[in-house]
Amino acid sequence: MSNHVHKDYAGAKLGMWLFLFTEVLLFGGMFVLYSAYFHEYPREFHIGGKQLDVVIGTLNTVVLLLSSFSIAAAITYIQQGKKKLALIYTYLTIGAAFIFLVNKTIEWRAKFHHGIWPDSPHLRELSHGENIFFGLYFLMTGLHALHVIIGMVVLSVMVYFLKKDVINQQDFVKLENAGLYWHIVDLIWIFLFPLFYLVL
């Protein structure tokens with residue numbers, strides 16, 4: 001009796017791309033919403049953007065770019081049969097995600113300290129445009145942070161699979177798909193950063 005297990009790699013990759021397409025649609029809709037309100041309140045959005053911490057935003061951009069490199073390196077190493085290096089670079093990606101979330105928490109805590117959170121009394125005293133700006137800021141960066149957390153969980157599962165040799169030199173599509181997910185998380189932030197932190 002044959003122990004051969006059929007695996008549809010093309011189907012797995014196609015399914016992942018379809019899922020990522022829905023993510024693009026989700027954030028794409030919010031980018032359109034942002035554009036519409038920015039067109040109506042350009043001055044208020046500029047004032048709101050000046051209240052965000054560009055240093056933390058820039059740091060988080062660098063962290064995510066490095067994490068995209070590290071997960072790509074992990075995939076390359078497992079393709080070469082270098083399991084230990086694949087594990088190390090997957091751990092580095094998870095570590096980068098953790099640093100991103102710590103920075104985001106610091107930034108959000110500072111905003112809360114200044115009385116800025118969705119529907120806060122201080123925010124209601126600001127102009128309608130600034131209120132919308134911060135509403136979009138918390139919605140879009142919060143949803144992105146949720147995706148980062150999901151990415152950490154997915155990558156942690158990949159670490160388990162690497163250790164158990166479920167992912168190996170001959171069978172690495174799971175890690176590839178996890179990498180694709182992580183790249184889309186990185187790509188979304190590349191758009192979020194200038195929209196909120198570098199508003200002209």
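## H1 against H7

In this predicted model, H1 passes H7 in a right-handed crossing. The axes of helix H1 (residues 9-40) and H7 come within 10 Å and cross at roughly 10 degrees. Since angles under 35 degrees count as roughly parallel, that makes H1 roughly parallel to H7.

Who touches whom here? On the H1 side, the contact takes in Tyr9, Ala12, Lys13, Met16, Trp17, Phe19, Leu20, Val24, Phe27, Phe31 and Tyr34. Facing them in H7 are Val173, Glu176, Asn177, Leu180, Tyr181, Ile184, Ile188, Phe191, Leu192, Leu195 and Phe196. Sorted by class, the contact of H1 with H7 has 19 nonpolar, 1 polar and 2 charged residues. As background, an α-helix has 3.6 residues a turn, so residues three or four places apart point the same way.

## H6 against H7

Now for another partner of H7. Helix H6 (residues 128-163) packs on H7 at an angle of about 160 degrees, and their axes are 10 Å apart. Angles over 145 degrees count as roughly antiparallel, so H6 is roughly antiparallel to H7.

The crossing of H6 past H7 is left-handed. By class, 22 nonpolar, 4 polar and 1 charged residues make up the contact of H6 with H7.

## H4 against H7

Helix H4 (residues 83-113) also packs with helix H7 (residues 173-197), at an angle of about 30 degrees and with the axes 13 Å apart. That angle makes H4 roughly parallel to H7. H4 passes H7 in a left-handed crossing.

On the H4 side, the residues in contact are Thr90, Thr93, Ala97, Phe100, Lys104 and Glu107. They meet Leu175, Trp182, Trp189 and Tyr197 in H7. The class count for H4 with H7 comes to 6 nonpolar, 2 polar and 2 charged residues.

## A look along H4

How far does H4 reach from its first C-alpha to its last? With 31 residues, H4 reaches 45 Å, close to the 45 Å expected at 1.5 Å a residue. Just after H4 sits glycine 115, which takes a positive phi of about 75 degrees.

## The chain overall

Stepping back, the protein chain has 7 helices and 0 strands. Read from the N terminus on, its elements go α-α-α-α-α-α-α. Along its principal axes, the C-alpha trace spans about 75 × 30 × 25 Å.

## What the record says

An unreviewed UniProt entry lists residues 12-34, 54-78, 85-102, 132-160 and 180-199 under "transmembrane region". How do a couple of those stretches look in the model? Over residues 12-34, the chain is 100% helix and 0% strand, with the end C-alpha atoms 33 Å apart. Over residues 132-160, the chain is again 100% helix and 0% strand, and here the end C-alpha atoms are 42 Å apart.

Conventions:
Residues are numbered from 1 along each chain as its sequence is written. This is a predicted model: local features need pLDDT of at least 70, side-chain atom pairs count only at pLDDT 80 or more; totals for chains, interfaces and linings use all residues. Side-chain values use heavy atoms; hydrogens and water are left out. Axes are lines fitted to C-alpha atoms, for helices over the stretch in contact, and angles run from 0 to 180 degrees between N-to-C directions. Helices (H or I, at least four residues) and strands (E, at least two) are DSSP runs, numbered from the N terminus. Angles under 35 degrees count as roughly parallel, over 145 as roughly antiparallel, 65 to 115 as roughly perpendicular and the rest as oblique. A crossing is left-handed if the near helix is turned anticlockwise from the far one by less than a right angle, and right-handed if clockwise. Contact means heavy atoms within 4.5 Å. Ala, Val, Leu, Ile, Met, Phe, Trp, Tyr, Cys and Pro count as nonpolar, Asp, Glu, Lys and Arg as charged, and the others, Gly among them, as polar. The expected span of a helix is 1.5 Å times one less than its number of residues. UniProt positions are given in the numbering used here, feature names are shortened, and annotations may be inferred rather than shown by experiment.
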